[in-house]
Amino acid sequence: MSNRILLLGAPGAGKGTQSKRLADAYGLEHITTGDALRANKDMETDYGTPREYMDAGELVPDGLVNEIVDAALADADGFVLDGYPRNLSQAEYLSEQTDLTAAIFLDVGEDELVRRLTGRRLDPETGEIYHVEFNMPEDEAILERLEQRDDDTEEVVTDRLEVYYENTEPVIEHYRETGDLIEVDGEAHPDEVFERISEVIDEDPTDA
Ligand code: AP5
């Protein structure tokens, strides 16, 4: 059976960077609630628009996010899930929808998280993720079109980290208690972090 991998971690831990690589390397769907919400930021819903929550660094209501994940899981055989679940109620909902083969936690310290988020830049055409210090494109045309995410300002990053400590750390604790959590040190070059995650998956994906 295909891998069904959960990638957990704080904002800026490298979930997006590593999920893309894992999806390519293992032929998995990359399911990311953050990208799905960004693509529909101004969509009117029963809960208002996603933008109202995202630009403040708050969580978008569970009902809306659960619907996104439901639809994505229905279409996916194997997947890497990035940005969900973010609170215990989402974790419970997920456990009713599917079984996981691995719940991997990317561990990164707070100073490094802030540095990564405030320095992140995105290519709107390809979705490629860059960083002003660690990884910038050489192509002048790409450099000129790079954008910063609305929620990557220092002020919103602080709020996002608070929301993470309050809502998502209990989720990580939950998977630790069930014995499903695999911790990976995320403070290394992205290639090295990818190696570490791959080792974990290749060891015994069904036993994780
Ligand atoms: P979301 O898009 O999920 O953002 P996030 O979890 O805050 O995570 P990020 O995308 O910011 O970080 P990342 O871990 O993917 O880091 P990346 O790989 O880019 O959510 C955004 C908002 O949507 C939320 O605030 C909320 O409002 C809403 N939302 C989403 N899901 C929700 C849910 N389930 N429920 C409710 N609301 C939800 O890396 C960061 C930077 O570091 C990059 O510049 C990268 O180049 C660099 N980098 C990566 N790895 C390394 C490395 N090893 N060394 C050096 N630099 C690195």
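**Entry 1: Glu 52**

I started at Glu 52, which lies in helix H3, residues 50-54. I am working from a predicted model, and I keep that in mind throughout. Is Glu 52 buried or exposed? I looked up its relative accessible area and found 51%, so Glu 52 is exposed. The cut-off for exposed is over 50%. I then checked Glu 52 against Asp 42. The two are 10 residues apart in sequence. From C-alpha to C-alpha, Glu 52 and Asp 42 are 8.7 Å apart in space.

**Entry 2: the whole chain**

Next I stepped back to the chain. I noted nine helices and seven strands. Residues 24 or more positions apart account for 67% of them.

**Entry 3: H1 and H9**

I turned to pairs of helices. Two packed helices are described by the angle between their axes and the distance between the axes. I looked up both for H1, residues 15-26, and H9, residues 190-203. Their angle is about 50°, and their axes are 10 Å apart. H1 and H9 are therefore oblique to each other. H1 passes H9 in a right-handed crossing. Which residues meet here? From H1 I listed Thr 17, Gln 18, Arg 21, Leu 22, Ala 25 and Tyr 26. On the H9 side I listed Pro 190, Asp 191, Val 193, Phe 194, Ile 197, Ser 198, Ile 201 and Asp 202. By class, the contact of H1 with H9 has eight nonpolar, three polar and three charged residues.

**Entry 4: H4 and H5**

H4 covers residues 62-75, and H5 covers residues 88-97. I found an angle of about 25° between them, with axes 11 Å apart. That makes H4 roughly parallel to H5, because angles under 35 degrees count as roughly parallel. The crossing of H4 and H5 is right-handed. In H4 the meeting residues are Asp 62, Val 65, Asn 66, Asp 70 and Leu 73. In H5 they are Ser 89, Gln 90, Tyr 93, Leu 94 and Gln 97. The contact of H4 with H5 divides into four nonpolar, four polar and two charged residues.

I picked out Asn 66, in helix H4. Its relative accessibility is 11%, so Asn 66 counts as buried. What does Asn 66 contact, leaving aside neighbours within four places in sequence? I found Tyr 84, Gln 90 and Tyr 93.

Tyr 84 and Pro 85 are joined by a cis peptide bond, with omega about 0°. Pro 85 lies in the loop between strand S3, 79-82, and H5.

H5 also packs with helix H8, residues 154-177. Their angle is about 45°, with axes 8 Å apart. That makes H5 oblique to H8. Leu 88, Ala 91 and Leu 94 in H5 meet Asn 167, Pro 170, Val 171, His 174 and Tyr 175 in H8. By class, the contact of H5 with H8 has six nonpolar, two polar and no charged residues.

Asp 107 is in strand S4, residues 102-107. Its relative accessibility is 37%, so Asp 107 counts as partly exposed. Leaving aside neighbours within four places, Asp 107 is in contact with Val 184, Asp 185, Gly 186 and Glu 187. How far is Asp 107 from Val 60? They are 47 residues apart along the chain, and their C-alpha atoms are separated by 24 Å.

Arg 115 is in helix H6, residues 110-118. At 37% relative accessibility, Arg 115 counts as partly exposed. Beyond its neighbours within four places, Arg 115 is in contact with His 131, Glu 133 and Phe 134. Arg 115 and Ala 102 are 13 residues apart along the chain. Their C-alpha atoms are separated by 28 Å.

Notes: Residues are numbered from 1 along each chain as its sequence is written. This is a predicted model: local features need pLDDT of at least 70, side-chain atom pairs count only at pLDDT 80 or more; totals for chains, interfaces and linings use all residues. Side-chain values use heavy atoms; hydrogens and water are left out. Axes are lines fitted to C-alpha atoms, for helices over the stretch in contact, and angles run from 0 to 180 degrees between N-to-C directions. Helices (H or I, at least four residues) and strands (E, at least two) are DSSP runs, numbered from the N terminus. Angles under 35 degrees count as roughly parallel, over 145 as roughly antiparallel, 65 to 115 as roughly perpendicular and the rest as oblique. A crossing is left-handed if the near helix is turned anticlockwise from the far one by less than a right angle, and right-handed if clockwise. Contact means heavy atoms within 4.5 Å. Ala, Val, Leu, Ile, Met, Phe, Trp, Tyr, Cys and Pro count as nonpolar, Asp, Glu, Lys and Arg as charged, and the others, Gly among them, as polar. Buried means under 20% relative accessible area, exposed over 50%, partly exposed in between (1.4 Å probe, protein chains only).
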